[in-house]
Amino acid sequence: MSTAAIPGAPLPVRTPGSRARGRHRRPERPEIPAGSPALVLAVPATAGPESRSVVEELLSIVRSEHHGVQAAVGYLPADGAEVEGGEERTVAELLALAAETGQPAPVVVPLVPGPHDFLSGLHALGAEYGATVTDALGPHPLLAEAVHVRLSEAGLARADRARLFAIATAADGVVLTTVGGEDAAAAAGITGVLLAARLAVPVVPASLDVPGSVAAAVNHLKDTGSQRPALAPLVIGPEADSELLATAAEETGCPSAAPLGAYPTVGQLIASTYLAALPAPSPEDLARAEAEAAAGAEGGSRGAHAAAEGAAGL
């Protein structure tokens, strides 16, 4: 199955694709049966070039991992100004559209790694339309992996602890920065423990939108012996003002890794969060999937047998 967007329709339509043949074909994934609710990726930002590029790449990862998934992006409402392109929709518009067209209420996945101000409104919106709103994406080991990679890309950490070569600029302490206040920083502490285990250096969480939080975390690391602390954003991108990241680095004098952005494991985490929220398949769905798998295996066996007979006749 493939996902295609009909021009003028904000929700994509699931359309049949050509089934690969042969015994080595990739099987259809039974966890997304036909008629499943769509995935709406809720972005805590208005549509714009920066947010659009990140979310489109993340959805591309989701679709490549799970063929047949229906997915759309819902942004925050713009403040009066029309968004360039004019085709982006808010989460409320997508939920209303699904209700008007008789589609199942979508599964809404917030594009945030932890607690955030817009989650309460999102849950209220989901309750209004009977849509499932999942928890935030973190804390999760996949987020710790993504932060680790961003640090290594910036030359602030080894890419692999098994490699013994030295990195002169490697940080000996990390401040894991996030947005969403003290609650977000507390939740980030769990991902910080996972990151510390990967890096073998102390990791302290801090909130970019709480004045003095990042500076206090840096001072704590220095007081406990760190000489080269660095900042590691536990931020996907759209949920945080880029100026907050730049200001924190400037005020503390610490180097900083890049936000997570469209790192592949973030896309995988979105997909797994969506799958976990899908209704359990009925016995009829399971029986149908088993019958299709058996029919495919039987067809491949007949083809191989016919090929063997043809070769014997040469």
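1. First, a term: a cavity here is a set of points, on a 1 Å grid over the protein atoms alone, where a 1.4 Å probe fits but cannot get out. Volume means the space filled by probe spheres set on those points, with grid points joined across faces, edges and corners. The largest cavity holds about 40 Å³ of space, and a search of the whole structure turns up 1 cavity of 30 Å³ or more.

2. Before going on, some housekeeping. This is a predicted model, so local features need pLDDT of at least 70 and side-chain atom pairs count only at pLDDT 80 or more, while totals for chains, interfaces and linings use all residues. Residues are numbered from 1 along each chain as its sequence is written, and side-chain values use heavy atoms, leaving out hydrogens and water.

3. Now, what lines that cavity? Lining residues have an atom within 4 Å of a point, and among them are Pro-113, Pro-139, Thr-178 and Leu-234. Helix H5 (residues 181–199) gives the largest share, 4 residues. By class the lining has 7 nonpolar, 3 polar and no charged residues; Ala, Val, Leu, Ile, Met, Phe, Trp, Tyr, Cys and Pro count as nonpolar, Asp, Glu, Lys and Arg as charged, and the others, Gly among them, as polar.

4. On to the overall make-up. The chain has 9 helices and 10 strands, taken as DSSP runs numbered from the N terminus (helices H or I, at least four residues; strands E, at least two). Of its 314 residues, 42% are buried, meaning under 20% relative accessible area with a 1.4 Å probe, protein chains only.

5. Have a look at the open sheet of 3 strands, ordered S9-S8-S10 with parallel pairing. Strands S9 (203–207) and S10 (229–233) are the edges, each pairing on one side only. Two strands pair if DSSP finds at least two bridges between them; S8 (residues 173–178) and S9 have 5.

6. Helix H4 (residues 141–153) lies across S8 and S10, at about 130 degrees to S10.

7. Finally, helix H2 (residues 91–100): its buried residues include Val-91, Leu-94 and Leu-95. The buried residues of H2 pack against partners including strand S4 (71–75) and helix H3 (119–129), where contact means heavy atoms within 4.5 Å.

Technical notes
1 Å grid on protein atoms, 1.4 Å probe; cavity = no way out; pocket = protein on both sides within 12 Å on 5 of 7 lines; lining within 4 Å. Axes fitted to C-alpha atoms, helices over the stretch in contact; angles between N-to-C directions. Buried < 20%, exposed > 50% of the residue type's maximum accessible area, 1.4 Å probe, protein only.
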